[in-house]
Amino acid sequence: MFKDCVPYKVDNQINQESWRVFRIMGELIDGFDTLNDIPPCVSIFGSARTKPEDKLYQETEMIAQKICEEGFGVITGGGPGFMEAGNKGAHNVNGTSVGLHIELPHEQNSNPYITTRCAFRYFFVRKLMFVKYAFAYVVMPGGFGTLDELFEAAVLVQTHKIGKFPIILYDSKFWGGLIDWIRAEMVHRGYITENEINLLTICDTPDEVLKIIKEFPKKQ
């Protein structure tokens with residue numbers, strides 16, 4: 001005599017968490033497949049709120065153009081502001097112009113200068129792609145998101161989870177105070193060493209940025 005078969009009752013919360021894992025896997029696979037054949041790239045970060053008439057916007061465009069003229073590609077977050085400037089500079093010289101786009105309540109539209117685009121739901125997957133496919137970071141002035149991307153890269157290099165690569169902070173007027181504070185407080189209290197500050201390099205001209213980027217592969 002057989003017992004009645006009772007359908008397995010799936011807990012909705014557990015079911016949702018399980019499917020989230022598959023969504024994350026899907027974003028990873030899509031990112032790897034899309035970016036696997038791009039040339040070595042430089043990731044450019046910065047505020048989404050910068051306007052095209054801003055001098056630093058125009059210098060970002062110039063930096064990206066120079067990077068692509070050397071045969072490298074440019075990766076940005078795909079949005080407006082400094083991200084748009086980076087993609088525009090690459091696009092102007094028919095370079096590889098990658099946008100790793102994420103939908104946000106604000107500033108969510110992608111810019112029109114992207115030639116290779118990935119869309120993400122999860123920040124941590126998107127940041128993985130920035131690190132995996134770039135051999136240098138150029139960090140323009142920005143807000144919390146810019147600081148997040150900057151310090152994540154610095155921690156990964158500091159802890160030897162990835163190899164050392166250039167992390168360039170552009171505009172000493174903006175970044176100088178932060179570096180002074182790190183030295184006065186974090187180094188002074190023994191939280192980091194003076195050598196670890198050297199993971200970050202401040203530049204003020206596109207030519208300075210290009211020189212560091214060009215020299216790095218030779219050093220490796």
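**Notebook: burial, core, cavity and cysteines**

I began with Leu200, which is buried, with a relative accessible area of 15%. I placed Leu200 in strand β7, residues 200-203. The model I am reading is predicted.

I then listed what Leu200 touches. Not counting residues up to four places away in sequence, I found Leu150, Ala154, Ile167, Leu169 and Ile179. I also checked Leu200 against Pro166: the two are 34 residues apart in sequence, and their C-alpha atoms are 7.4 Å apart in space.

Next I followed Ile167. Leaving aside neighbours within four places in sequence, I found Ile167 in contact with Tyr137, Val139, Leu150, Ala153, Ala154, Val157, Leu199, Leu200 and Thr201. Leu150, Ala154 and Ile167 had already come up as contacts of Leu200.

**Core**

Which residues touch the most other members of the largest nonpolar core? I noted Leu100, Tyr137, Ile167 and Ile213, out of 55 residues in that core. The largest share of this core comes from strand β5 (residues 134-139), which gives six residues.

**Whole chain**

I counted eight helices and seven strands in the protein. Of its 220 residues, 44% count as buried. I took the contacts between residues at least 6 apart in sequence and found that 70% of them join residues at least 24 apart.

**Cavity**

How many cavities of 30 Å³ or more are there? I got one. The volume of the largest cavity is about 30 Å³. I wrote down its lining as Phe45, Lys127, Phe130, Val131, Tyr137, Glu149, Glu152 and Ala153. Sorted by type, the lining has five nonpolar residues, no polar ones and three charged ones. Helices α4 (123-132) and α5 (144-158) each supply at least two of the lining residues. Two names in this lining, Tyr137 and Ala153, I had already listed as contacts of Ile167.

**Cysteines**

I searched the whole structure for disulfides and found zero. Cys41 counts as buried because its relative accessibility is 1%. Cys118 counts as buried too, at 0% relative accessibility.

**Loops**

I looked up Asp37 in the loop between α1 (12-35) and β1 (41-45). Is Asp37 buried or exposed? I have Asp37 as exposed, because its relative accessibility is 72% and the exposed class starts over 50%. Asp37 and Tyr133 are 96 residues apart in sequence, with their C-alpha atoms 9.9 Å apart in space.

I then checked two residues for backbone phi. His160 has a phi near 60°, a positive value in a residue other than glycine. I found His160 in the loop between α5 and β6 (167-170), and at 70% relative accessibility His160 counts as exposed.

Asp171 also has a positive phi, near 95°, and again the residue is other than glycine. Asp171 lies in the loop between β6 and α6 (172-187). I noted Asp171 as buried, because its relative accessible area is 17% and the buried class covers values under 20%.

Note on methods: Residues are numbered from 1 along each chain as its sequence is written. This is a predicted model: local features need pLDDT of at least 70, side-chain atom pairs count only at pLDDT 80 or more; totals for chains, interfaces and linings use all residues. Side-chain values use heavy atoms; hydrogens and water are left out. On a 1 Å grid over the protein atoms alone, a cavity is a set of points where a 1.4 Å probe fits but cannot get out, and a pocket is an open set with protein on both sides within 12 Å along at least five of seven lines; lining residues have an atom within 4 Å of a point. Grid points are joined across faces, edges and corners, and a volume is the space filled by probe spheres set on the points. Helices (H or I, at least four residues) and strands (E, at least two) are DSSP runs, numbered from the N terminus. Ala, Val, Leu, Ile, Met, Phe, Trp, Tyr, Cys and Pro count as nonpolar, Asp, Glu, Lys and Arg as charged, and the others, Gly among them, as polar. A disulfide is a pair of cysteine sulfur atoms within 2.5 Å. Buried means under 20% relative accessible area, exposed over 50%, partly exposed in between (1.4 Å probe, protein chains only). A nonpolar core is a set of buried Ala, Val, Leu, Ile, Met, Phe, Trp, Tyr and Cys residues joined through side-chain atoms within 4.5 Å. Contact means heavy atoms within 4.5 Å.
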